[in-house]
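Please walk through this structure with attention to its metal site and to its backbone angles.

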Amino acid sequence: MSEATRTTDILVSEVGPRDGLQSVASIMPLDAKKAWIAAEAAAGVTEIEVGSFVPARVLPQLADTAEVVAFARTIPGLTVAVLVPNLKGAQAAIAAGAHKITLPLSVSETHSLANLRRTHAQVLEEAAQIAAAIAALPVADRPHFEGSLSTVFGCTLEGAIPDAQVARLAEGLMAAGCDEIGLSDTTGYADPRAVRHIIRLVRGVVGAGAVTGIHLHNTRGLGLANVLAGLEEGLTTFDASLGGLGGCPFAPGASGNIVTEDLVFMLEAMGLSTGIDLDRLNAVRDIVMAAIPDEDMYGFVPAAGLPLGFIPATRKDRTV
Ligand code: ZN
């Protein structure tokens, strides 16, 4: 393998500024968000979900998302991702210049009604309108549009969701004009076998090229085991949150999202290059902790340190 020309093997997508911050009571000042995002990008992170375009009364923690997007766009090489609940949010994301827009569709209709007050048909219609708004833009300005199947591993209100329903909704999102289907373990119900099953199920209807990433939680301690299953199925993008910020409402002391630092360590140890410098990544925790000192940060690798003689895959690439 030509090491000099080798690019990263796995994309670690940081979602802490969105998923982490929306789950904590503290409101991080805009300047701290900017410092966090800049420092993670400098550590080698190339995609960050920086916020969500939801009404400020719903999530005051993310009220400054447009300003965060505007700043993040100035960082060379960084893909600036955002979550949107509907067309209105997507229009705001487009106006702000986000590179990637994710629309969640809860495969549990009960959950969809409870959270977004939308039926499946209404969310699919919203997806079609977002796709049309994107298609109306000049090609160079079009953001990547992901439809994300949330609660795809099970719902706290409905339990397991039938395969046929998951397949139908994945197909519906692609038919509406999404570029890609995301898989999201919103409830932390996934296990490695379920991860393999859902990836194969959804790829079976939309094609392997339309399913490349997964959003996993560590609610029941299976986050990294589930990543391994996703890797073995050929996924190349994994979401994670620095310090597991946000915690888990069901399991005090446990992180909610997968901890970015632990995920990067696992991948690099396995010889999979992420392009991320672990020492610099660990140092970013100080920025977050200083800005929101009342919140907990998690992570085994930051606590234990790196093994003696550890050589990450990314550094091998750079020095060979
Ligand atoms: Zn999440």
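In this predicted model, the zinc ion has as its protein donors Asp19 (OD), His215 (NE2) and His217 (NE2), lying 1.9 to 2.1 Å from it, where donors are N, O and S atoms within 2.8 Å of the metal (3.2 Å for Na, K and Ca), and since water is not among the atoms, sites may look incomplete. Along the sequence these donor residues follow the spacing D-x195-H-x1-H. Distant parts of the chain are linked by the pair of Asp19, in helix α1 (residues 16-22), and His215, in strand β7 (residues 213-215), which are 196 residues apart; helices (H or I, at least four residues) and strands (E, at least two) are DSSP runs, numbered from the N terminus. Asp19 counts as buried because its relative accessibility is 7%, and His215 counts as buried because its value is 8%, with buried meaning under 20% relative accessible area, exposed over 50%, and partly exposed in between (1.4 Å probe, protein chains only).

Most residues other than glycine have a negative phi. Arg117, however, has a positive phi near 50°, and this residue lies in the loop between α5 (109-116) and α6 (120-135). Thr151 also has a positive phi, near 50°, and lies in the loop between β5 (144-150) and α7 (163-176). Arg117 counts as exposed because its relative accessibility is 67%, whereas Thr151, at 0%, counts as buried.

Residues are numbered from 1 along each chain as its sequence is written, and side-chain values use heavy atoms, with hydrogens and water left out. Local features need pLDDT of at least 70 and side-chain atom pairs count only at pLDDT 80 or more, while totals for chains, interfaces and linings use all residues.
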